Amino acid sequence: MKNKTIKSYLIVFILIIILNFFLPRILPGGPVAFIQGGDDQSFIMTEEQKAHLLSYYGLDLPLHEQFYQYIFGILTGDFGLSILYKTAVTTLILSHMKWTLFLVGIASIISILLGIILGILSAWNKRKKNDAPFFLAMLMLGAIPEFILGMVLLILFSTKLGWFPFSGSTTPFAQYGEGIIGIIAGMKDILHHSFLPMMTLTVVNISSIYLLMRNATFDVLKEPYIYTAEVKGLPLKRLLFRHTFKNAFLPVFTLIMLRFGFMLTGAIFVETVFSYPGIGKLLQEAILSRDYPLMQGLFLIFTITILGMNLIADMVYPKLDPRIRRGERTVFE
Amino acid sequence: MRKVLLGMIAILLLTFMTACGNQEATKPVIEKSDENTQAEASEQESSNAEEKENTKEVAHIRLGWANSGFPSPFTFSPNGPGGYLRTTFIFDTLTWKDDQGMKPWLSEKWQISEDDRTYTFTLRNNVKWHDGEDLHADDVKFTFEYFKQHPFGWHGDISMIEAVEVVNESTVKFVLNKPYAPFLQEVVGIIPIIPEHIWSKVEDPYQYQEKEALIGTGPYTLTSYEAEKGNYLFTANSEYFKGKPIVNEISYINVKDRALSLQNGEIDAAMSLNYQQMLQLKEKGFDVIQSKPTGSAVRFVFNLQDDQLKQKELRQAIAYALDRKTIAEKVLGGNEMVGSAGIIPPDSDWYNKDVKQYEYNVEKANKMLDDLGYTKNEDGMRKDLVLNLLVSSNAKNAQLAQAMLKNVGIELNIQQVDTATFTSLMGENNYDIALTGHIGLSGDPDFLRIWFMGQASNAYAARGKVFENERFIQLAEEQVMTLNEEKRHDLVNEMQDILAEELPTLLLYHRPFYWLYNDEQFAGWFNTDGGISDGIPLWENKSAFLNEE
């Protein structure tokens with residue numbers, strides 16, 4: 001059973017590696033077409049310059065040789081040189097990754113916690129038939145695309161009120177000073193820059209967890225053992241957050257793991273709106289400029305994260321649910 | 001659980017607190033400029049005689065531009081002129097331009113041989129690299145040989161250079177394989193001179209991003225480059241051969257909207273394309289310079305291989321049918337300048353004032369189309385005349401043009417794509433009309449040759465599909481070899497006549513740029529005569545930051 005799971009993961013992984021190579025090349029135009037510039041560009045390239053670029057990046061090689069180089073690169077951990085930035089893809093991704101992990105990590109934690117708490121409370125109130133307005137509000141919140149919410153927040157708080165900066169992740173060239181004061185000043189600066197994008201991500205992500213938690217809790221609340229507990233006169237907090245939560249959390253757990261998997265890709269729009277230097281913004285630039293090596297590197301990172309999280313969920317789930325462990329149920333019902 | 005929750009709330013509170021104390025975060029930079037204005041004030045009091053504002057010392061100027069990579073001559077991104085521009089702060093060229101036009105820079109003087117094929121430059125003798133070494137003629141020779149092996153990723157075609165010879169330590173001779181009129185301005189005025197003692201050891205310059213890659217002779221050195229954020233900080237080179245720059249630090253911040261950031265006080269000067277926006281900011285107290293000559297234009301490129309568009313009369317009818325003044329006004333917000341049919345902007349020295357122009361005339365357009373045999377059906381549309389318009393980022397122009405052409409019965413389908421797709425479709429000749437913006441018309445007129453001779457591998461050129469007009473080709477080749485200005489003017493005038501009659505491309509309008517700044521802080525900005533790097537209207541000319549006689 002376990003071997004079978006790992007085998008299917010491996011097959012998916014190999015397929016994705018192959019797709020990774022071909023997808024960027026299916027897009028019309030290549031990296032050199034981008035450098036030549038379509039519109040509002042001021043650079044006039046000569047034929048010699050073009051030929052040199054093509055051969056430097058190996059884009060004049062037959063496709064199968066490019067593919068061979070790509071596979072060889074993956075095996076040796078070398079993703080090549082970004083055409084847009086002329087920097088090693090690995091270096092580029094690592095330097096942008098920290099910002100995305102910070103932004104999306106904190107936003108995910110907040111949205112998961114709030115989603116769970118609000119979901120439980122909402123389900124309790126639903127039983128009393130008075131959570132409808134709140135439920136509707138959350139549904140609406142969940143329907144707002146992140147870039148629109150981001151834009152609204154940006155216009156309101158940065159343009160109109162001037163409370164937050166327009167873009168970036170820190171004040172340019174800021175010197176925070178030494179010691180503890182410097183560290184605090186640095187943290188303040190980083191939080192100040194990340195506040196709006198973090199808010200946006202938190203708000204748009206809250207509702208799916210909330211909705212699932214609410215439904216799961218509501219189902220559990222119907223169980224006879226809850227009725228017993230209630231009749232026993234258990235305090236409400238204990239009833240909800242101990243007895244109910246434990247069982248209602250199971251389906252939510254899978255969603256959370258998926259959420260973490262999509263953590264890296266989820267921020268593409270938000271990072272673009274706020275010009276936040278994470279890998280989402282990097283991906284947007286890579287696609288626009290047809291930067292094949294950078295696109296391949298990023299897609300691969302996304303693939304590994306998403307597959308990895310799924311794998312972890314598959315492995316941890318039985319530990320959380322004794323029924324699966326005992327073989328009474330399976331993960332894939 | 002409860003602890004985590006408390007922690008989260010604490011973080012939220014902390015974030016709110018930082019939000020309220022936001023001024024502090026941006027303080028480091030602002031404080032500097034405050035000190036600076038105070039310093040300026042006291043300086044002015046002490047020496048009232050110094051009337052000229054250019055001589056005031058400025059501690060820091062913040063400018064905005066997108067990220068363009070590590071600023072070495074081999075690694076900057078050619079996506080927009082910002083990358084090249086920033087290398088010019090660190091590296092120098094043999095000649096340079098300011099508001100008066102071309103002037104000697106690393107070279108002191110030069111001689112041109114009788115046959116216009118040999119240029120002998122005498123170098124300045126007090127020039128030092130940032131690492132303290134002296135600049136020699138060998139470095140110049142090395143530079144051009146190195147760039148032959150490792151092509152420069154920007155303008156500055158050097159294929160006409162046959163040989164570079166070192167005559168003595170401060171004299172260097174260029175031998176060309178044919179006379180090349182823009183040589184002084186657009187070849188040795190663009191190619192940055194690099195130190196032999198560094199680059200001779202570098203095998204792959206496109207991956208070389210060490211500190212040494214930024215050793216030039218220029219007025220600034222790079223103090224900090226925040227790679228993933230795209231911010232650059234330059235510091236004045238106090239040993240500069242033209243004296244220490246008056247602006248001590250220049251930072252480039254990767255802002256999204258320069259005009260908006262200017263208004264918000266994130267940067268100190270910015271460019272705007274929109275007349276209304278310029279007026280708004282002017283009202284807020286900013287000073288304005290308008291680019292002159294107008295180095296940018298928006299235009300239609302006609303596919304001359306297309307069965308219908310190869311008819312000259314059809315292209316002319318389209319020119320008559322478009323109310324280009326209105327398009328310009330709607331897109332730019334005013335101060336419009338209708339595109340010259342001869343391409344060179346009317347405010348340029350190279351403009352031919354007798355060139356044929358096409359006024360807005362629907363009647364004439366309709367008549368020409370009728371004469372061509374495109375009859376209107378009962379809906380007023382000419383069913384045989386359905387054209388595709390390829391657009392990348394200038395969509396607003398396309399919609400206006402669509403409505404105007406419908407007026408004369410031409411159906412225009414707009415096809416909007418991204419940059420790379422645009423270029424590749426043009427390369428495959430897979431378009432009817434393409435709408436494109438272009439920067440770089442304010443300098444040497446040789447761009448007319450480059451655009452239409454199919455030699456440039458570029459979306460603006462006919463992409464290898466040469467504009468097959470014998471007389472034009474002859475003129476284009478002759479003007480680039482003609483160093484006599486008067487003679488060259490005659491040739492370029494005739495080229496404009498041919499372009500205006502044949503209309504391989506139709507300029508919708510010329511597009512002025514506006515530079516917005518605060519003259520209390522720094523008033524030294526000027527329009528570079530001939531533009532920076534082959535006619536690009538930019539104000540961040542390093543010459544503005546120097547205190548020259």
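# Note on chain B: strands, sheet and helix ends

1. Strand S13 of chain B pairs with strand S18 (residues 505-510) of chain B. The pairing is antiparallel and spans five bridges. Two strands count as paired if DSSP finds at least two bridges between them. Strands (E, at least two residues) and helices (H or I, at least four) are DSSP runs, numbered from the N terminus.

2. This is a predicted model, in which local features need pLDDT of at least 70 and side-chain atom pairs count only at pLDDT 80 or more, while totals for chains, interfaces and linings use all residues. Residues are numbered from 1 along each chain as its sequence is written, chains are lettered from A and ligands numbered from 1 in the order in which they are written, and side-chain values use heavy atoms, with hydrogens and water left out.

3. How far can you trust chain B? The pLDDT is the predictor's confidence in each residue, from 0 to 100. Its mean over chain B is 84, and 87% of the residues reach 70 or more. Residues 1-53 of chain B are below 50; beyond near neighbours in sequence, this stretch has 48 contacts in the model. Contact means heavy atoms within 4.5 Å. Where pLDDT is low, the predicted coordinates should not be read in detail. For the complex, the predictor gives an ipTM of 0.81 and a pTM of 0.83.

4. Now the overall picture. Chain B has 17 helices and 19 strands. Of its 549 residues, 58% are buried. Buried means under 20% relative accessible area, exposed over 50%, and partly exposed in between (1.4 Å probe, protein chains only). Take the contacts in chain B with a separation of 6 or more: 71% come from residues 24 or more positions apart.

5. Back to S13(B), residues 296-302. Seven of its seven residues are buried. Which residues lie on each side of S13(B)? Ser296(B), Val298(B), Phe300(B) and Phe302(B) are on one side, with Ala297(B), Arg299(B) and Val301(B) on the other. S13(B) also has strand S17 (residues 433-439) of chain B as an antiparallel partner, through seven bridges. There, Ser296(B) is bridged to Ile439(B). Strands of a sheet pair through backbone hydrogen bonds, either parallel or antiparallel.

6. Look next at the open sheet of four strands, in the order S4-S5-S7-S6 (chain B), with antiparallel pairing. S4 (107-112) and S6 (161-168) of chain B are at the edges with a single partner strand each, so one side of each has no neighbour in the sheet. Neighbouring strands are turned by 20 degrees against each other on average, direction ignored. Inside the sheet, S5(B) (residues 118-123) and S7(B) (residues 171-176) share five bridges. Tyr119(B) has Phe174(B) as its bridge partner in S7(B).

7. Helix H5 (residues 137-149) of chain B lies across S5, S6 and S7 of chain B, at about 165 degrees to S6(B). Such angles run from 0 to 180 degrees between N-to-C directions, with axes fitted to C-alpha atoms, for helices over the stretch in contact.

8. Helix H9 (residues 275-283) of chain B is capped at its N-terminal end by Asn274(B). A side-chain oxygen of Asn274(B) lies 2.8 Å from the backbone nitrogen of Gln276(B). Just after H9(B), Gly285(B) has a positive phi of about 105 degrees.

9. Is Ser261(B) buried or exposed? Ser261(B) is buried, with a relative accessible area of 1%. Ser261(B) sits in helix H8 (residues 258-263) of chain B. Leaving aside neighbours within four places in sequence, Ser261(B) contacts Phe166(A), Val255(B), Glu266(B) and Ile267(B).

Note on methods
Polar contact = N/O pair within 3.5 Å; in protein donor to acceptor, adjacent residues only side chain to side chain.
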